[in-house]
Amino acid sequence: MRRVKDKMIHGLFFLNGIFVVAILLGIFSLLVFTAFPAFKEINILDFLTGSIWNPDAYLEPSYGIVPMLVSTFMVTLGALVVAIPIGIGAAAYLSDVASPRVREVTKPIIEILAGIPSVVIGFLGIVLVGPFIAKVFGLSNGLNAINGSILLAVMALPTIISMSEDALTSVPSNYEQASLALGATKWQTVIKVKIPAALSGIIAACMLGMGRAVGETMTVLMATGCAPAMPKGFLDSVRTMTSTIAIELGEVAYNSTHYYALFAVGLVLFIITFIINMTSDIILHKYEKVHR
Amino acid sequence: MQGTAMKNEKFLNATSIFRSQATTQTSSKSVRGESASPVKKNIKIKVESFNFYYGNTWALKNIQIAIKENNVVGIIGPSGCGKSTFLRCINRMNDIIKNTRAEGFIYIDGKNIYEKDQDVVTLRRDVGMVFQKSNPFPKSVFENVAYGLRINGVKDQRVIAQKVEKSLKDAAIWDEVKDRLSDSPFSLSGGQQQRLCIARALAIEPRILLLDEPASALDPIATSKVEELIHQLKKEYTIIIVTHNMQQAARVSDFSAFFMMGELIEYDATSKIFTNPSNKITEDYVTGRFG
């Protein structure tokens, strides 16, 4: 009797695990099969290397995704440049400087920040960050790559801070003691011992923050201006892969080449985020091994 | 009956080890009991009416002790008697524990280290410490030893390389690691890791070395290497070693301090503590009647 029950429970959990994998494979195959017809008409090389995205052109529609790849890359990079120093600094503050009381109050607040709907952040980008950027750089409007970077940084920060703080806190305290006993200051200990010891955890945190930034749609859609042209700099309006899909998929003719092409963009995006998440997972596991 | 006989034998063993060591000692320092009383000349550490509290727990009670330069002082006593606490007071490592309080005076070279203007960072550069559990950093063997130099602002790579080599030699581990300087210290054995930690402490040339049960996690061979090392090091350093192994205290120390329940029960030449202690409790402890 007990063995039957055991087996049933075993099977149940096995089914749960399989279910998640099945969903993942389902999404992947949906993307692949829907994207595939696009390449009957579009040369895959043109698709990956073309610099003009203009599916509605009257004579010769072109489907080059390079402008959106560059846009996504710029916005993500900008977000990381802003978020990583602030995130690590905040994590170091929380784990080593803040009193336990401050930490108890601050950490949940930072984690709540992760729950703010992206549309609200996009809204702030339009009414707050945009005008500020326009004023500082003397532009007609502030809806550009920098705006998107700042907002994505805000969205990636909770992940980066919270996970980096966990990594720093789990550094064995005897490293810290050894360093202090050698006459290191608290700062030297944090920078030269604790952060290097927690580095793989911190890198994984940044990668996850990056995954969030790459996949984020609503915020960049609202705050970056969405010009499909190839961006020339951070003050240009950009349109990322996510916003392109969000803008165009609702109005595209069903089963047209354009429709399939959007799925192909989605497939590329899926592969990029998949690689980022895989990499951060591998780094995290390596980290667990190093710390016994 | 048999039990006491065995314990007595153990005790005799310990003392005989001590005696053989004492006779080979060529140092001119007297090992008579009288020299333990504070003498103005070459007193390195002087502790006066020192108290320490963890919250409401009175962990160290009115400690008085004077430690002379280039001596090895063994601190013995049952678990929880405050010996590690006392050791960590000498380089103020207890400062990092929340809710603790120190009262009284610890003079190092005549200066009270609990004075308000004392910089703990400089204090800890002068008073090195080796912990019970070896704790090398997750950096290479070389970088572990170089760490103390780098945080002290030494930039010249040649100077760093020389000092690292010297420290590793002083810690008697150079021959074992000279080909593995860029390896992870976690690939070394426990005893090697502990000697690496000693090398790391020596690199910044402290004046005093605090050892907190440095051999308690080591096998007998590694232990004897560490003890040998302590003998070598006392030429240049004043060493205070906490140990719960009485044979070890008898083997390595010139003076011994017996702590119990936060009080310093007896402090005297090691020969006297182990052969003819003046206090009954000390005698019971060193002969193994409790603890």
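**Figure 1. Contacts and overall make-up of chain A in the predicted model**. Of the contacts in chain A with a separation of 6 or more, 73% join residues 24 or more positions apart. The chain A fold contains 13 helices and two strands. Its C-alpha trace extends over about 75 × 70 × 30 Å along the principal axes. Chain A comprises 292 residues, of which 39% are buried.

**Figure 2. Packing of helices α5 and α7 in chain A**. Helix α5 (residues 100-113) of chain A packs against helix α7 (residues 145-169) of chain A at an angle of about 145°, and the two axes are 8 Å apart. The crossing of α5(A) past α7(A) is left-handed. On the α5(A) side, the contact is formed by A:K107, A:I110, A:E111 and A:L113; α7(A) contributes A:L157, A:P158, A:I161, A:S162 and A:E165. By residue class, this contact of α5(A) with α7(A) consists of five nonpolar, one polar and three charged residues.

**Figure 3. The contact between chain A and chain B**. Chain B supplies 18 residues to this contact, and chain A supplies 15 residues. On the side of chain B that touches chain A, the elements giving two or more residues are α3 (120-126) and α4 (141-151) of chain B. The greatest contribution to that side comes from α3(B), with four residues. In composition, the side of chain B that touches chain A has 10 nonpolar, four polar and four charged residues.

Conventions:
Residues are numbered from 1 along each chain as its sequence is written. Chains are lettered from A and ligands numbered from 1 in the order in which they are written. This is a predicted model: local features need pLDDT of at least 70, side-chain atom pairs count only at pLDDT 80 or more; totals for chains, interfaces and linings use all residues. Axes are lines fitted to C-alpha atoms, for helices over the stretch in contact, and angles run from 0 to 180 degrees between N-to-C directions. A crossing is left-handed if the near helix is turned anticlockwise from the far one by less than a right angle, and right-handed if clockwise. Two residues are in contact if their C-beta atoms, placed from the backbone, lie within 7 Å. Ala, Val, Leu, Ile, Met, Phe, Trp, Tyr, Cys and Pro count as nonpolar, Asp, Glu, Lys and Arg as charged, and the others, Gly among them, as polar. A residue is buried if 20 or more other C-beta atoms lie within 10 Å of its own, exposed if 12 or fewer, and partly exposed in between; C-beta atoms are placed from the backbone.
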